[in-house]
Structure formats: C-alpha cells, structure tokens
Amino acid sequence: MSTTKYRFQITQSNMRHYKSILFLLFFTLTASISLADAIRRTHLFTRALAMGDAYTAVADSEETISHNPAGLLQEKVEWSLSFPILWLAYDELIRQAMVGEVEFDFEDEGFLEDVPGTRAYLEAQLGFPFWYHPDSGNFIGIGGNWWLELVFPRQTIIPVVHIENVQQLTFEYGTAWELWDWDLYFGTTIKAMKRQGYIVDVSILEVVDMDLDQLDKTYGSEPPIAYSADVGLLYRFEADWNPRIGLMIMDINGVKFDGVGKLRQFNAIGFAASHYYEDIHFTYSFDFHDFTYTYFSYKDTQRRLSCGVEAALGRHPDNTSIFSVQLGFKELRHLSYGISTRLGIVDTSLVVWKENYGTDDEEKIDKRYMFQIGFMF
C-alpha cells in the first residue's frame with residue numbers, strides 16, 4: 001500500500017485534547033484481525049505474558065493477583081511495595097508507526113481500500129501503588145488502564161470501524177488463607193471498577209467527518225461503579241520441585257458497563273513447579289484456559305492450552321530476581337518471550353507475545369509488545 005504523510009499539530013495543552021491527539025494518531029494506524037475475544041484481566045503483567053499467560057498455579061509473586069488470588073499466601077516471603085510508573089503495550093503496526101516505517105491517512109482512497117481486515121492496539125497502565133504482604137496473604141492496589149483498540153472488519157459495502165476507547169480505574173483487595181492445614185489454599189479478590197469512554201461500531205466516513213470531541217460527546221458513557229470478585233484454589237504438594245495445581249474463577253457472573261463493554265466470567269486450571277539448579281531458579285507452568293468452553297467462541301481445545309518456563313538469577317527475599325528470562329507458547333505454538341531486571345529499587349521488563357483473533361479454520365495473529373519500568377521497595 002502506498003502511504004501518504006499524515007500531519008498533525010498540538011494546539012491544546014490540557015489532558016483532554018492531548019488524549020484526543022493521541023487517539024487521532026493511533027486511529028490512523030492498524031494491525032491484524034477479527035472480533036474474537038481475548039482475556040481481559042485487571043492487569044497485564046509482563047512476566048505472565050512472557051510465559052504464555054500460563055500463570056494460574058505459578059503463585060510466587062504479586063502477579064498472582066490477576067491469575068489466582070489463592071497464591072497470595074506465601075510463607076517466609078518478604079512484603080513489597082511497587083509503583084509501576086511506565087507500563088505500555090502496543091501491537092506491531094503501532095510499533096512500525098513509532099519508528100516511522102508506516103504512515104496512514106484516512107483521506108487517502110488507497111488506505112480506505114486496504115484498511116478492512118486490520119487492527120490497532122495501544123494500552124497504558126498505571127499502579128499507585130501495589131502493596132503485597134505474602135506472609136499474611138494480603139494485597140491492596142489501585143490501578144488505572146487506558147486502552148484504544150481499532151478493528152476494521154472485512155466488508156464489501158459500507159466501511160466501518162469498531163472502536164474501544166476506554167479508561168478504567170480499579171481498587172482491589174485480595175486475600176488468601178490455608179484451609180485446615182491441608183496445604184490447600186483459598187483466595188479471593190474484590191474489585192471496584194470505574195469506567196468511562198465508549199465501545200462502538202461506526203462508519204469510517206462518519207469518524208473522519210466528526211470532531212474528536214464530538215465522538216466522545218456522541219458515544220461517550222460514564223456508568224456507575226461496578227463490583228466484581230475472583231476466587232481461586234491452590235494445592236501445594238510437599239515434594240521436590242514444589243509442584244502445585246491451581247483453579248481460577250475470574251469475574252464471577254460477569255460485569256456490565258453500560259456503553260463501555262462488559263467482563264465475562266473466565267475459568268482456568270493450571271499446574272506449576274519450580275526448583276534450583278546451581279544458582280538459577282527455574283519455574284515451569286502449564287494452563288488450560290476456559291476449560292468450561294464458555295468464554296471463547298471457538299471450540300478448539302489446543303487454543304486453550306499454554307505453557308511457560310522461566311530462568312531467574314539472584315532471587316531476592318521477596319521472590320523478585322536480579323535478572324530473569326521467560327519463554328512461553330500460547331496455544332502450544334505461538335512463541336512469547338520476555339526479560340526482566342531489578343537493580344536496587346528499579347524494576348524493568350519487556351515482553352513480546354501474540355494474540356490469535358482468528359477462527360478455528362484461520363489464524364489472525366496480532367503481534368504485541370509491552371514494557372514496564374517501576375520502583376519496588
């Protein structure tokens with residue numbers, strides 16, 4: 001596709017117009033596609049994504065708050081207070097646009113002809129802060145998400161675009177305890193979520209002709225605070241390699257946000273093990289997502305299976321590491337990988353993974369990236 005240079009100018013300094021300009025910038029960029037579902041967790045953590053999202057039974061760090069609250073209780077592990085300050089995710093064509101490899105223009109007829117069947121994704125997260133006390137099994141956090149996703153379905157008559165422009169603020173409290181000294185742990189997370197924004201399907205021509213403020217005024221919604229709960233079980237075997245098996249039920253009975261989407265109940269079961277070899281700590285994991293076949297529209301079992309492995313050097317008393325690498329295989333075939341470092345209180349990580357939005361018969365892969373920089377005490 002031939003490209004046409006897209007020019008824009010920042011003329012307002014307030015946050016509302018700054019976000020509108022970002023919206024316009026990323027609205028003109030695209031990636032891979034179909035309207036199939038992906039897992040919408042409260043937080044996207046780099047370590048879990050790098051391990052193929054196979055994290056239901058890993059249960060050795062604060063990331064378990066989004067995967068299985070039963071893993072929050074860990075004896076002889078130090079507490080942590082983390083402040084993720086830069087937490088950004090985006091897909092392949094957003095990356096290409098960032099480095100100047102592609103430029104798109106809605107006024108270019110060639111662009112309008114080629115855009116069907118593409119997707120653009122951008123998400124920013126913020127934590128302020130996350131307090132985790134493993135020895136008592138308690139987690140308290142306040143987090144913010146803003147995501148923009150543009151999906152251009154294939155069609156033959158009217159060009160349309162599916163737009164998700166959503167801001168979400170979440171307060172969560174998670175706790176876990178052991179049942180009857182049986183090495184069986186139960187955990188729950190209570191979440192209060194406030195959303196605003198819009199999720200709509202509109203004509204591309206309508207969007208081009210409409211001022212960005214009008215888009216928000218026309219389709220924007222700010223529903224009341226919604227509440228949700230997750231529950232989980234985890235059994236830790238008393239054996240070498242610390243094997244464990246976990247069960248997770250996320251967003252029980254689902255949550256609806258008028259005009260700003262919904263969350264549906266998600267179920268997963270997983271297995272994990274870990275051990276030391278010399279000075280390197282290894283973790284292995286395997287997950288069966290949506291084992292009840294009620295979340296995803298497809299019926300393929302393999303697409304619900306994921307596995308992961310991590311090698312970590314220099315484990316701290318709070319179970320973080322000086323340096324670690326992760327590998328994963330979503331659907332047992334799509335590679336994900338990541339790297340994490342912690343120097344003093346500065347924690348950084350990067351992950352590359354893939355989302356499959358295709359059908360049982362045809363894959364539609366969206367390659368994604370995320371990096372995080374934060375302080376951990």
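Arginine 47 is buried, because its relative accessibility is 7% and buried means under 20% relative accessible area, with exposed over 50% and partly exposed in between (1.4 Å probe, protein chains only). Aspartate 60 counts as buried too, at 6% relative accessibility. Before going on: this is a predicted model, where local features need pLDDT of at least 70, side-chain atom pairs count only at pLDDT 80 or more, and totals for chains, interfaces and linings use all residues. Residues are numbered from 1 along each chain as its sequence is written, and side-chain values use heavy atoms, leaving out hydrogens and water.

The side chains of arginine 47 and aspartate 60 come together in a salt bridge at 2.8 Å, N to O; the term stands for a side-chain nitrogen of Lys or Arg within 4 Å of a carboxyl oxygen of Asp or Glu. Arginine 47 sits in helix H2 (residues 46–50) and aspartate 60 in the loop between H2 and strand S1 (80–91), so the pair ties together parts 13 residues apart in sequence. Helices (H or I, at least four residues) and strands (E, at least two) are DSSP runs, numbered from the N terminus. Arg47 and Asp60 also belong to a salt-bridge network with Glu310 and Arg315.

Glutamate 331 has a relative accessible area of 6%, whereas arginine 333 is partly exposed because its value is 35%.

## The nonpolar cores

A nonpolar core here is a set of buried Ala, Val, Leu, Ile, Met, Phe, Trp, Tyr and Cys residues joined through side-chain atoms within 4.5 Å. The largest one has 27 residues, of which Leu49, Leu72, Phe139, Leu234, Val351, Trp353 and Met370 touch the most other members. H2, S1, strand S2 (118–133) and strand S15 (346–356) each give two or more residues to this core. Apart from it lies another core, of 18 residues, including Leu122, Trp146, Ile204 and Val352.

Which residues does tryptophan 353 touch? Leaving aside residues up to four places away in sequence, its contacts are Leu49, Ala89, Ser336, Asp366, Lys367, Arg368, Tyr369 and Met370, where contact means heavy atoms within 4.5 Å.

## Glutamate 92

Glutamate 92 lies in helix H3 (residues 92–98) and counts as buried, because its relative accessibility is 17%. Its side chain makes a polar contact with the side chain of arginine 95 at 2.8 Å. Beyond four places in sequence, glutamate 92 touches Lys367 and Tyr369.

A polar contact is a pair of N or O atoms within 3.5 Å; within protein, one must be able to donate a hydrogen and the other to accept it, and residues adjacent in sequence count only if both atoms are side-chain atoms.
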